[in-house]
Structures are given as C-alpha cells and as structure tokens.
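Here is a short briefing to read with the structure open beside you. Take the topics in any order you like.

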Amino acid sequence: MSRSTVRSPLSPLLAALAAVLPLTAQEREPVDEAAVAILRRHGLEQSRVMEHLSFICDVHGPRLTGSPNLRRAQDWAAGRLREFGLADVRLEEWGPFGMGWELGHFAVDVVGTNPWSVLAYPKAWSPPLAGRVEGDVVLATAYTADELAALDLSDKIVLLEEPREVGEWFDGTAHRLDADELLALANGTRPTARGAPSGGRPPMDFARGFQVAAARLRFLQEKQPLAILDRGSKGDYGTLFVAGASIGAEPGTPRSERPRSWAPGTARVIPQFTIAVEHYNRVCRLLALGQPVRMALELDARFVGDASRMERNVLGELPGSDPALKDQLVMLGAHFDSWHTGTGATDNGCGSAVMIEAMRLLTELVAETGRGPRRTIRIALWSGEEQGLLGSRAWVREHVAVPGERGAPPVELRREWSRITGYFNLDNGTGRIRGIYLQGNTACEPIFRAWLRPFHDLDAATVTFGDTGGTDHQSFDQVGVPGFQFIQDPAAYSTRTHHSNMDNWDHAIAADLQQAATIVATFAWHAAQRDEMLPREELAAPVEATDRRRDG
C-alpha cells in the first residue's frame with residue numbers, strides 16, 4: 001500500500017467553498033494559527049506515529065484484553081508517555097474483568113485419502129485441546145431439531161452455519177469518502193455501507209440471524225461436541241474475521257448476567273474455530289455430495305488468572321497552566337486492546353498511536369512556545385473495549401458519573417463530570433480524518449468548523465449533526481459529557497482488517513495517521529485554550545455531584 005499522501009480532487013473544491021461560505025459563527029471562534037503551524041510542521045514533517053504503531057503491533061501485538069501482551073503494551077505506553085514528559089502517568093485498575101487468554105500452536109486439517117490443510121483460527125478463550133483430536137464433521141443445518149437431538153455429538157466436529165456465497169470485489173475493497181457521501185453525512189444521513197462484494201448474497205437480517213445462531217449454540221452447548229466451526233459473516237481470499245468464543249445464554253437473560261467466555265461461571269466453553277469461507281464451503285459441498293469428512297484439530301492455549309483478575313487503563317496528562325482553568329480537563333483517547341488473530345493495527349493500534357503522537361505534538365508545541373495549555377490535557381488508552389467498552393465505562397462510572405438505565409440521565413455524578421470539557425476519540429481504522437460527529441451537540445458546530453478550517457487542504461471539513469456508536473466516546477456521551485468520534489475514510493476497515501487476521505501494520509497509511517494526529521492535537525489544544533468550556537446538552541433531570549477523588 002502506498003504511503004504517499006493521496007491528494008483528493010475534493011481539496012480545491014473544499015478550499016473554494018471555504019472562501020465563499022459565510023464564516024460569521026466560525027470567525028467568532030478564535031483559531032491559534034501559530035500553534036496550528038507548529039503542530040502541522042511536527043505532525044506532518046517530523047512524525048513518529050508509525051514508530052509508535054510498530055511498537056504497539058509488531059512488538060506487543062496482538063493485545064487481547066487480559067492477556068500478558070496487553071500488559072506489556074500498557075507498560076510500554078506508560079513509559080513512552082513519561083518519555084514525552086507527561087505528568088501523573090498511571091495504570092488505573094478496573095474490574096474484575098475475568099481470565100486472560102494466550103494462544104499458542106493450532107492447526108486444522110482434513111484427514112483421510114485426500115488430506116488438506118484448512119485455514120482457520122481459534123476463537124478467543126477457547127479451551128485447549130488434549131493433543132491432536134480427530135472427529136467426523138456434521139453440518140448442523142442439514143438436520144431437523146429432532147434429528148440433531150438424537151445424534152451423539154460428543155465425538156463430532158460441528159459446522160454451525162450454512163455455506164456462504166462468495167462474490168468478487170469488482171469495485172475494490174478499499175474506499176475513501178467521496179463528495180456525495182460527505183454531503184450525506186453533513187445532512188445527517190449515513191453513506192451506504194460497503195460490506196459485501198458484487199454478486200454476493202444480501203446480508204441476513206442481523207437480529208434474526210443472531211437469534212437463530214444463539215439458539216443453535218444453546219442446543220450444542222448441551223450436546224458438547226469436540227468443537228464448533230463457523231465461517232464468519234464476511235471475509236474471503238484468506239481474510240478471516242474472528243472474535244471470542246460464545247456461550248449460549250437462555251432467552252431473556254439480562255445482559256449483565258450472561259456468561260462470558262472470559263468469565264463463564266459454571267458454563268463450559270466448547271472449543272470454537274472460524275475457518276476460511278472457501279474451505280468451509282468446500283466441506284459443506286463434500287457433505288452435500290454424501291462424502292464423509294473427517295478433521296484433525298490442534299489447539300494449544302492457556303488461561304491467565306481467574307474470574308477475579310483486574311484490568312488496567314493507561315492515563316497521563318499535560319498539566320494546565322491557567323490557575324483558573326487548570327483543574328478542568330480536555331480528554332483524548334482510544335482503546336488499546338485488540339482481538340488476537342492479527343496484531344491489532346487498524347483496530348485500534350492506529351487510534352492509539354495517533355493519540356500518543358498527538359500528545360507528543362502537544363509537548364513539542366509547549367517546548368517551542370514556552371506556553372502550556374490553559375486546561376489540563378489528558379490521554380486515556382482503554383482496555384476491554386472489544387468486550388463492550390468495559391474499560392472506559394468502568395473509568396467513567398468511577399470518576400465521572402453512574403449512568404442511568406437505557407438512556408436515562410445518570411443517577412449520580414462524580415467530581416470529574418463538571419471538569420471535563422470534552423472527550424475526543426479515534427477508532428475507525430487507518431483512514432484520514434474527514435470531519436467529526438457532533439452526537440447531536442449542535443452548539444459545537446461553529447466551534448468545530450473553525451477548528452477544521454486550517455485542514456481543508458487535507459480534506460477534513462465535514463461536521464455532521466448525526467452520531468456514531470460502537471466505541472468509547474459513548475461512555476462519556478451517555479452521562480452528558482461531550483464525547484466525540486472523528487469521521488474517517490473507511491479504507492479497507494470493514495472489508496479486510498476490522499477484527500481480522502489481516503489487521504497488521506502493513507495496512508496502516510502513514511500519511512493518514514500523520515494527518516489524524518495533527519488534527520487531534522489541534523482540537524485538544526483549542527479545547528484547552530477556550531475561555532469557556534465546550535457547550536453540553538442539559539440533562540433531563542439534574543443530579544448532585546459527589547466528590548470521589550482518586551487516591552494519591
């Protein structure tokens with residue numbers, strides 16, 4: 001993949017529009033042009049973001065929550081932040097999370113008169129197998145419920161799903177947002193997702209598909225086969241999207257009470273693998289032809305700790321210098337954990353490397369100007385995001401607010417609820433920043449438009465009133481603290497790298513990450529320098545804050 005800056009044909013158009021559109025509201029928001037120039041010089045010409053990313057991915061990847069690798073990565077990150085001169089760098093515990101898991105050797109093979117190797121990865125927290133085990137393969141969907149119930153599956157390897165039709169990528173797998181898609185975002189609608197190749201089967205309704213798979217898994221949980229194999233909902237040409245092993249919960253079980261593979265309680269986790277769709281389909285076709293298929297599996301994995309194991313978030317600060325404002329906080333962050341089959345580059349080593357680099361740029365700005373931020377700027381590298389935003393939610397609950405149920409206002413505010421002016425997050429792959437989601441906070445529109453104006457030449461200009469989910473800014477947004485995620489080019493995030501074995505350093509775009517770090521640093525600096533805190537939406541029912549200070 002080319003590492004040169006990709007110049008978009010939109011750049012002249014954006015510059016022209018900026019020159020003619022009324023800027024009255026934006027002009028009221030001051031922009032520190034001198035600071036922007038310094039940040040651009042260090043961020044675009046003297047960047048270290050790819051170096052950070054190599055340490056995160058090549059040295060310490062993958063970084064599954066609870067794993068020894070994540071612990072080592074967190075220690076490295078804390079050391080790097082101290083190297084940059086940040087203050088109060090710390091590893092804050094949260095939890096308990098549950099067991100860590102570390103993957104060793106594994107193999108999947110078809111055995112018999114025509115043997116062949118199967119491209120496959122175990123799902124995280126799958127228990128190890130006792131050496132090399134063999135079993136006949138059965139396709140669960142080829143039987144009625146009664147027929148399957150009558151089978152002894154204890155020595156069988158079960159295929160969980162129907163085969164999946166595979167199409168070709170005539171339009172390519174990587175993509176940058178075009179003018180129409182950016183306009184749709186600016187108008188509050190979402191661009192059409194690029195999630196399937198041409199000729200592929202339309203995706204099954206997600207809710208229905210999830211319910212069917214969950215019911216089938218509950219059934220197999222009782223039958224205790226040797227292993228369960230699936231082919232994932234997407235992926236081809238050797239790209240496998242793999243997450244954690246599942247445990248079938250009874251219908252109606254509250255989310256907080258469902259057994260998890262890292263904290264299964266009394267449930268037994270069945271070894272689970274995701275295999276390449278082409279190999280999965282071949283096995284299904286052989287079975288449909290009446291040909292018996294026998295597989296051999298190997299899985300060496302170890303569990304770390306037990307259900308009481310605690311996890312950690314990494315935090316550090318660039319102290320504020322204004323006596324009246326230094327106790328207020330600008331926060332920027334990304335999740336540091338990953339899944340286990342790649343090295344966690346685009347999800348979310350890129351976001352973490354960008355945030356680390358943004359803090360470095362800010363220290364360079366302070367050193368060059370002799371002027372610190374008025375408010376304190378804090379970085380947070382979260383863990384447990386892939387398991388449900390666990391690290392950021394735990395931190396917010398401890399320091400910011402206790403969230404209400406199902407979108408209700410928080411039931412209790414902590415000390416830092418009133419101190420945080422805003423939280424900025426990055427977690428959508430390697431793509432350059434194209435703008436920012438307002439999360440419905442319309443009062444921030446002219447502010448963010450002003451802060452983006454110096455980056456129109458780098459194709460960052462879109463502000464959308466809409467929101468986006470699935471990552472750590474939600475932990476702040478749901479308790480009334482302004483939390484924002486940047487709009488990014490998709491690149492090949494959903495089609496090739498997100499949660500996949502191809503999520504590696506090689507698919508990170510250096511120029512895009514350099515641009516992103518520079519913009520994040522600029523947003524953090526300006527948020528720290530404003531006379532007023534960022535506007536925030538009023539809570540429906542105000543609650544009183546409590547002072548829960550961190551010890552030390």
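**Strands, rings and helices**

Within strand 18, Gly483 is the bridge partner of Tyr423. Please keep in mind that this is a predicted model. Strand 15 (residues 420-425) and strand 18 (residues 483-488) run parallel and are joined by 3 bridges.

**The open sheet**

- Both of those strands belong to an open sheet of 8 strands, whose order is 1-10-12-11-15-18-16-17.
- The pairing in this sheet is mixed, and the twist from one strand to the next averages 25°.
- Which strands stand at the edges? They are strand 1 and strand 17 (462-464); each has a single partner strand, so one side of each is left without a neighbour in the sheet.

- Strand 6 (residues 156-159) pairs with strand 7 in the parallel sense, over 3 bridges. Here Val158 has Ile228 as its bridge partner in strand 7.

**Aromatic pairs**

- How many aromatic pairs are there? The count comes to 21.
- One of them is formed by Phe97 and Trp125, a tilted pair with 6.2 Å centre to centre and 55° between the planes.
- Phe97 lies in the loop between strand 1 (87-94) and strand 2 (100-111), and Trp125 lies in the loop between strand 4 (120-122) and strand 5 (133-139), so their pair ties together parts that are 28 residues apart in sequence. Phe97 and Trp125 are both buried.
- Phe448 and Phe523 form another tilted pair, with 5.4 Å centre to centre and 45° between the planes.
- This pair links distant parts of the chain, with Phe448 in helix 12 (residues 445-452) and Phe523 in helix 15 (residues 510-529), 75 residues apart.
- Why does Phe448 count as buried? Phe448 counts as buried because its relative accessibility is 0%, and buried means under 20% relative accessible area. Phe523 is buried too, with a relative accessible area of 0%.
- Phe448 and Phe523 also belong to one aromatic cluster, together with Phe424, Trp451, Phe484 and Phe486.

**Charges over rings**

- Arg63 lies over the face of Phe336, at 5.6 Å from the ring centre.
- Lys234 lies over the face of Phe241, at 4.7 Å from the ring centre.

**A helix pair**

- Two packed helices are described by the angle between their axes and by the distance between the axes.
- Helix 3 (residues 33-45) packs with helix 10 (residues 345-369) at an angle of about 125°, and their axes are 9 Å apart.
- That angle makes helix 3 oblique to helix 10.
- What is the handedness where helix 3 and helix 10 cross? The crossing is right-handed.

Technical notes
Residues numbered from 1 in each chain as written. Predicted model: local features only at pLDDT ≥ 70, side-chain atom pairs only at ≥ 80, totals over all residues. Heavy atoms only, no water. Pairing = 2+ DSSP bridges. Helix = DSSP H or I, 4+ residues; strand = E, 2+ residues; numbered from the N terminus. Phe/Tyr/Trp six-rings, centres within 6.5 Å; stacked < 30°, edge-to-face > 60°. Buried < 20%, exposed > 50% of the residue type's maximum accessible area, 1.4 Å probe, protein only. Lys NZ or Arg CZ within 6 Å of the ring centre and 35° of its normal. Axes fitted to C-alpha atoms, helices over the stretch in contact; angles between N-to-C directions. Parallel < 35°, antiparallel > 145°, perpendicular 65-115°, else oblique. Left-handed = near helix turned anticlockwise from the far one by under 90°.
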